[in-house]
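Here is a friendly tour of a model, starting with overall form and ending at a chain contact. Have the viewer open as you read.

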Amino acid sequence: MSERFAVIEAKGLGLTFETGDGPVHALKDVDLAIHKGDFVSFIGPSGCGKTTFLRVAADLEQPTAGRITVNGMSPEEARKSRSYGYVFQAAGLFPWRTIGANVRLPLEIMGYERAEQERRMARVLELVELSGFEKKYPWQLSGGMQQRASIARALAFDADILLMDEPFGALDEIVRDKLNEQLLALWARTGKTIGFVTHSIPEAVFLSTHIVVMSPRPGRVTDVIESTLPRERTLDIRETPEFLALAHRVREGLRAGHAYDE
Amino acid sequence: MRAVLPVVTVVAAIFALWYAGAVWLNAPWARDQAARAGVELTLPELVSATWSQERPRLPAPHQVAEEFWKSTAGTRLSSKRNLLYHAWVTLAATLTGFALGTGLGILLAVGIVHDRTMNASVMPWVIASQTIPILAIAPMIIVVLNSVGVTGLLPKAIISMYLSFFPVVVGMVKGFRSPDAMLLDQMRTWSASRSQTFRKLRWPASLPYLFPSLKVAVAASLVGAIIGELPTGAVAGLGARMLSGSYYGQTVQIWSALVMAAILAAALVAVIGLAERAAGRAMGGRA
């Protein structure tokens, strides 16, 4: 890898939950560097710690071993300096707020002026192709549109890292394809660094510059695959031999990590 | 319109039972009177006698309606014999107690949700407070407050508050805890302060729990205000009307006060229902 700045860097990172049935090693000895402008997918079976890694980076969980820096800071400092936007599995829009008011919510909390809130809301809704929907309530939108609004909200305050935890997991495949394409376009336009958790091999291969393959018990990284695909991609690329070869390698990585044992 | 027939049927059944009950309960006295006068009552005479006594055990609906009309529309509004005057006295205490109870309930719920010590220590007392019969504690509250010079509306309002804060605490603790972990995590990623999380997430999320609690609370407030009027010497208010009615055997008067209390309760609950719908619309509800 090049000398580029490591936006997220983990060394010997570990997280053990103490439960009634004994300790659970959600993460063990994870060494990983995510560089500026990368699109990094985390893939692996349930319990492999992919979501936990993202949550540790976001200061939503505290590691029990090793260290991790985000933009060169501790996760807590990074959170407080608004280094990242986080998109959860469900859109998590507040049902009593309009789409516009939902996107403005983090800006209100961070104390942006009203006019600036409006300006930013209009800009990010345009980015996710939801202009004109700011006065609608979440229930008036489809699931895919709600998730786009949720992404817009995460983009509203100019964090240069976007952490996404299976954001399209609950959507059907056709909607998911379209959102994947839009996400790539958005990534190209904004130059953000993206950490993306997924269950889907094609999704991981289609989106990413790097694919982190993880395995469970204990949660660890078994392989980091650097994509050979060009940065600009269309959905057609999924039919190419190069794409299929990458998908095969991911599947091999998962198998090596005993992801298919059960 | 299809809903009208079942409703009319139920109302008719209630009135039929009521009239039958009046015959059954008032018949002994009617027979007694007839025996003293040395006359034999036919069945129609007996029935009509049970529905027109001055102090029946159970007054018939039309007697209550007549008394209700006479004591509201048929009496000067400024008169202390007007039932509306007594209703107003009770309503003022009810609303004051309801406001105090709602405020106290919400404050306690905020404390319980945000403070671990309060969560562990306050809730048992809140529950214990409701296991004490209000009839036992009401005279003590009146006497104690009276001895420090607090009289009139406030002691009644405090008894009313004592009953009404409970449903609000229970409902609002549940409501403030209703946002799921993901939404709370989301607020954390934005480094929202506790008060921001409360104002922008917990409070709006709790409103579906607030209104049902308020409906229970307002009915409890009314009961509290009426009970608060009983030991005050029966000066004014619906409770006083009931008490003086029972002193003098004026059952018709007791029942018209009861009907007034029922109307008040229904109206108060209806007003909260309207507020609930307005809040629902303002919060983007589908209705």
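## Overall form

Chain B has a radius of gyration of 24 Å, whereas a compact globule of 287 residues would have one near 19 Å; the radius is taken over C-alpha atoms, and the globule rule is 2.2 Å times the number of residues to the power 0.38. Along the principal axes, the C-alpha atoms of chain B fill a box of roughly 90 × 60 × 35 Å.

This is a predicted model, in which local features need pLDDT of at least 70 and side-chain atom pairs count only at pLDDT 80 or more, while totals for chains, interfaces and linings use all residues. Residues are numbered from 1 along each chain as its sequence is written, and chains are lettered from A and ligands numbered from 1 in the order in which they are written.

## Helices and packing

Chain B holds 11 helices and zero strands, counted as DSSP runs numbered from the N terminus (helices: H or I, at least four residues; strands: E, at least two).

In chain B, 34% of the 287 residues are buried, meaning that 20 or more other C-beta atoms, placed from the backbone, lie within 10 Å of a residue's own. Of the chain B contacts (C-beta atoms, placed from the backbone, within 7 Å) between residues at least 6 apart in sequence, 75% link residues at least 24 apart.

## Where chain B meets chain A

The contact draws 15 residues from chain B and 17 residues from chain A. On the chain B side, helix 8 (181–189) and helix 9 (194–229) are the elements giving two or more residues, and helix 8 of chain B gives the most, with six residues.

Terms used:
A residue is buried if 20 or more other C-beta atoms lie within 10 Å of its own, exposed if 12 or fewer, and partly exposed in between; C-beta atoms are placed from the backbone. Two residues are in contact if their C-beta atoms, placed from the backbone, lie within 7 Å.
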